[in-house]
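Open the model in a viewer and keep the selection panel at hand. The stops below go from one selection to the next.

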Amino acid sequence: MRLDKYLKVSRLIKRRTLAKEVSDQGRVKINGQTAKAGTDVKVGDTIEIQFGQKIVTIKVTGLNEHATKENAKGMYEILKEERID
């Protein structure tokens with residue numbers, strides 16, 4: 001699944017266009033490598049997202065093309081959240 005679609009479907013980012021912009025700005029890393037919007041996401045990948053002054057690191061635990069609000073949380077596990085100064 002494409003990174004921008006994964007971020008939208010998992011509800012980490014609300015809109016796919018915003019997910020694409022964040023990815024293309026270099027604020028998302030997959031397994032330590034800067035990732036673009038079209039990068040393929042697989043189960044087991046570690047994704048690091050920079051939201052302003054906060055970095056959230058998650059582990060991909062599932063891929064679901066049409067997630068609902070109830071099962072979207074099952075698509076990832078939060079590993080850590082840290083503030084940057």
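In this tour, contact means heavy atoms within 4.5 Å. The model is a predicted one.

**Stop 1: Leu-7 and the core**

Select Leu-7 and show its surroundings. Once neighbours within four places in sequence are set aside, Leu-7 is in contact with Leu-12, Ile-13, Ala-19, Ser-23, Val-28 and Ile-49. Leu-7 also belongs to the largest nonpolar core, a set of 20 residues. Leu-3, Tyr-6, Leu-7 and Ile-47 are the members that touch the most others in it. Colour the core by element: H1, H2, S1, S3 and S4 each supply at least two residues. The biggest contribution, 4 residues, is from H1.

**Stop 2: helix H2**

Select residues 16–24, which make up helix H2. Which residues of H2 are buried? They are Ala-19, Val-22 and Ser-23. These three sit on the same side of H2, because the arc they cover around the axis is only 100°. In an α-helix there are 3.6 residues a turn, so residues three or four places apart point the same way. Step just past the end of H2 to Gly-26, where phi is positive, at about 80°.

**Stop 3**

Show Lys, Arg, Asp and Glu side chains. The whole structure holds 6 salt bridges. Zoom in on Asp-4, which is buried, with a relative accessible area of 3%. Its side chain meets that of Arg-2 in a salt bridge, at 3.0 Å from N to O. A second salt bridge joins Asp-4 to Arg-16, at 3.4 Å from N to O. Arg-16 lies in helix H2 and Asp-4 in helix H1, so this pair ties together parts that are 12 residues apart in sequence.

Now move to Lys-5. Lys-5 is partly exposed, with a relative accessible area of 22%. Glu-65 also counts as partly exposed, at 41% relative accessibility.

**Stop 4: Asp-40**

Select Asp-40, in the loop between S2 and S3. Asp-40 is partly exposed, with a relative accessible area of 43%. Leaving out residues up to four places away in sequence, Asp-40 touches Met-1, Ile-30 and Asp-45. Draw a distance from its side chain to the backbone nitrogen of Met-1: the value is 3.0 Å. To return to the previous stop, draw one from Asp-40 to Lys-5, C-alpha to C-alpha. These two residues are 35 residues apart in sequence and 9.9 Å apart in space.

**Stop 5: the sheet**

Switch to a cartoon view and select the strands. The 5 strands form an open sheet in the order S2-S1-S3-S4-S5, with antiparallel pairing. Strand S2 (33–34) and S5 stand at the edges with a single partner strand each, so one side of each has no neighbour in the sheet. Strands of a sheet pair through backbone hydrogen bonds.

Walk across the sheet pair by pair:

- S1 and strand S3 (residues 46–51) are antiparallel and joined by 3 bridges; here Val-28 stands opposite Ile-49 in S3.
- S3 and S4 run antiparallel and are joined by 6 bridges; Thr-46 stands opposite Lys-59 in S4.
- S4 and S5 pair in the antiparallel sense over 7 bridges; Lys-54 stands opposite Arg-83 in S5.

Two selections remain. At the hairpin of S3 and S4, with 2 residues between the strands, pick Gly-52, which has a positive phi near 60°. Finally, select S4 on its own: 5 of its 7 residues are buried, so S4 is largely enclosed by the rest of the structure.

Note on methods:
Residues numbered from 1 in each chain as written. Predicted model: local features only at pLDDT ≥ 70, side-chain atom pairs only at ≥ 80, totals over all residues. Heavy atoms only, no water. Buried < 20%, exposed > 50% of the residue type's maximum accessible area, 1.4 Å probe, protein only. Arc of directions from axis to C-beta. Salt bridge = Lys/Arg side-chain N within 4 Å of Asp/Glu carboxyl O. Pairing = 2+ DSSP bridges. Core = buried A, V, L, I, M, F, W, Y, C linked by side-chain atoms within 4.5 Å. Polar contact = N/O pair within 3.5 Å; in protein donor to acceptor, adjacent residues only side chain to side chain.
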